[in-house]
Amino acid sequence: MRIIILMAFLLPICGFAQDSLRISLRQADSLFVEKNLILLAERYRIDAAQASVIQARLWDNPTLSTEWNLYNPNRQRVLDVGRGGQKIISIEQVIQTAGKRNKQVALSLENARMTEYEFMDLLRILKFELRSNFFDIFFLQNTLNRYQRQIETLERTVVAFETQYEKNNVSLRELLRLKALLFQLNNDKTEILFQLTEKQKDLKTLLNTEKSVTPLVNETELSRYQLVNYNVSVLNELALQNRGDVKVTESFARQAELNYRLQKALAVPNVRIGATYDQAGSFVNDYSGLTLSADLPFFNKNQGNIKVAKALIDYQKGLQNQKVNTVTNEVAAALEKVRYVENMVQSVDSKFTDQFELLNKGVLENFQKRNLTLLEFIDLIETYSESIKELNRLKADRVGAYEELNFTVGQELFK
């Protein structure tokens with residue numbers, strides 16, 4: 001069953017290089033902004049919020065009302081509205097007082113700005129996910145390529161040992177031990193393939209593509225991740241200036257203030273002004289008059305909504321302070337992670353990888369010449385494979401820590 005699963009993964013990998021999207025990080029960023037379906041959908045929310053501002057700026061429509069004589073019994077006429085008949089025509093316009101319209105516009109404008117901040121934060125989150133998957137795939141593919149070379153070498157060795165076993169030159173124990181090592185490496189390879197499949201799935205979804213992605217990364221691009229002239233206070237300031245979620249909490253606090261002012265304005269009654277024409281129902285024919293009306297705020301002074309709005313101001317300010325505290329702690333933690341991983345990378349001898357590669361090249365040759373015992377050979381193969389996997393994981397962790405710092409600050413710090 002394990003072999004069948006492995007074969008199922010190997011088949012798409014064979015065609016992977018032929019039909020894959022080979023892109024750099026910058027190209028991935030551009031493709032993401034252009035094609036990501038969530039971002040495209042979110043832009044419609046911004047359009048909708050901006051349309052609500054247009055609506056808030058509109059004046060109330062005037063109200064036209066008429067009263068027509070249905071039946072005149074004196075003249076025995078239906079709808080007698082001509083000379084000698086009767087009709088009333090009135091028109092009325094609501095005049096908003098206490099600056100209600102301007103306050104509603106200000107609230108809608110702030111809500112539209114908040115929608116843009118939410119878009120900024122979504123972009124920040126998805127971009128971090130994109131870059132995390134991008135670099136994880138790159139380093140996993142590096143590990144997979146090394147494993148594949150080891151497996152191919154070991155497969156040839158197993159074939160050679162089977163030939164020697166048939167000639168009684170090696171023992172069954174030695175042959176089975178080599179096959180067990182090959183089985184272990186194939187299992188490790190399968191686990192890497194599982195991880196790659198998950199990462200590819202997420203990255204393809206973010207880029208809105210059906211092709212597998214082959215990240216193009218060079219040492220120059222990796223070397224730009226350097227922590228220079230940044231301390232916690234500077235990064236905190238940048239985070240509070242740039243992060244969309246911080247701007248959203250600030251916007252909620254401003255909306256609470258604006259809503260409080262609006263609710264106080266709503267306690268002031270609006271004025272309705274209009275004109276009336278009465279053909280024959282008043283003390284004179286063809287009567288025209290001016291109308292003026294307003295509600296009397298004896299019972300409902302909007303006091304409940306005003307109290308709610310005032311309480312929400314304190315609530316939103318509390319959330320805003322909590323967000324500032326959270327962001328401060330996130331920045332400090334992200335910076336610490338960068339320092340930890342850099343210390344770990346610096347502790348690895350720069351010649352370690354080259355020396356290990358050189359040793360690995362001579363392992364098979366020395367084993368074939370019987371300069372190495374079977375146990376020494378197996379130990380070196382296992383150590384090499386595990387070290388390659390850990391080295392690539394460490395490199396991925398290093399880039400991931402810097403990208404997390406970018407994510408936490410809300411700005412690309414390492415260009």
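Contact means heavy atoms within 4.5 Å. The legends below show a predicted model, in which local features need pLDDT of at least 70, side-chain atom pairs count only at pLDDT 80 or more, and totals for chains, interfaces and linings use all residues. Residues are numbered from 1 along each chain as its sequence is written, and side-chain values use heavy atoms, with hydrogens and water left out.

**View 1. Gln-316 in helix H9.**
Gln-316 belongs to helix H9, residues 303-347. Helices (H or I, at least four residues) and strands (E, at least two) are DSSP runs, numbered from the N terminus. Gln-316 counts as buried because its relative accessibility is 14%. Buried means under 20% relative accessible area, exposed over 50%, and partly exposed in between (1.4 Å probe, protein chains only). Beyond its neighbours within four places in sequence, Gln-316 touches Phe-252, Ala-253 and Ala-256.

**View 2. The buried side of helix H2.**
Helix H2 spans residues 25-35, and its buried residues are Leu-25, Ala-28, Asp-29, Leu-31 and Phe-32. Their cover includes strand S1 (20-23) and helices H3 (37-57), H4 (100-166), H5 (172-207) and H6 (219-223).

**View 3. Aromatic pairs.**
Rings of Phe, Tyr and Trp (its six-membered ring) pair if their centres lie within 6.5 Å; planes under 30 degrees apart count as stacked, over 60 as edge-to-face and the rest as tilted. The whole structure holds nine aromatic pairs. One of them joins Phe-138 and Phe-139 edge-to-face, at 5.0 Å centre to centre and 75° between the planes. Both Phe-138 and Phe-139 are buried. Elsewhere, ring pairs link Phe-134, Phe-135, Tyr-225, Tyr-230, Tyr-402 and Phe-414 into a cluster.

**View 4. Arginines over rings.**
A charge sits over a ring if NZ of Lys or CZ of Arg is within 6 Å of the ring centre and within 35 degrees of the ring normal. Arg-101 lies over the face of Trp-59, 4.4 Å from the ring centre. Arg-124 places its charged end over the ring of Phe-407, 4.2 Å from the centre.

**View 5. A four-stranded open sheet.**
The strand order is S2-S5-S7-S8, with antiparallel pairing. Strands S2 (63-68) and S8 (287-294) are at the edges; each has a single partner strand, so one side of each lacks a neighbour in the sheet. From one strand to the next, the twist averages 15°. Two strands pair if DSSP finds at least two bridges between them. Strand S7 (residues 271-278) and S8 pair in the antiparallel sense over eight bridges. Ala-275 has Leu-290 in S8 as its bridge partner.

Note on methods: Axes are lines fitted to C-alpha atoms, for helices over the stretch in contact, and angles run from 0 to 180 degrees between N-to-C directions.
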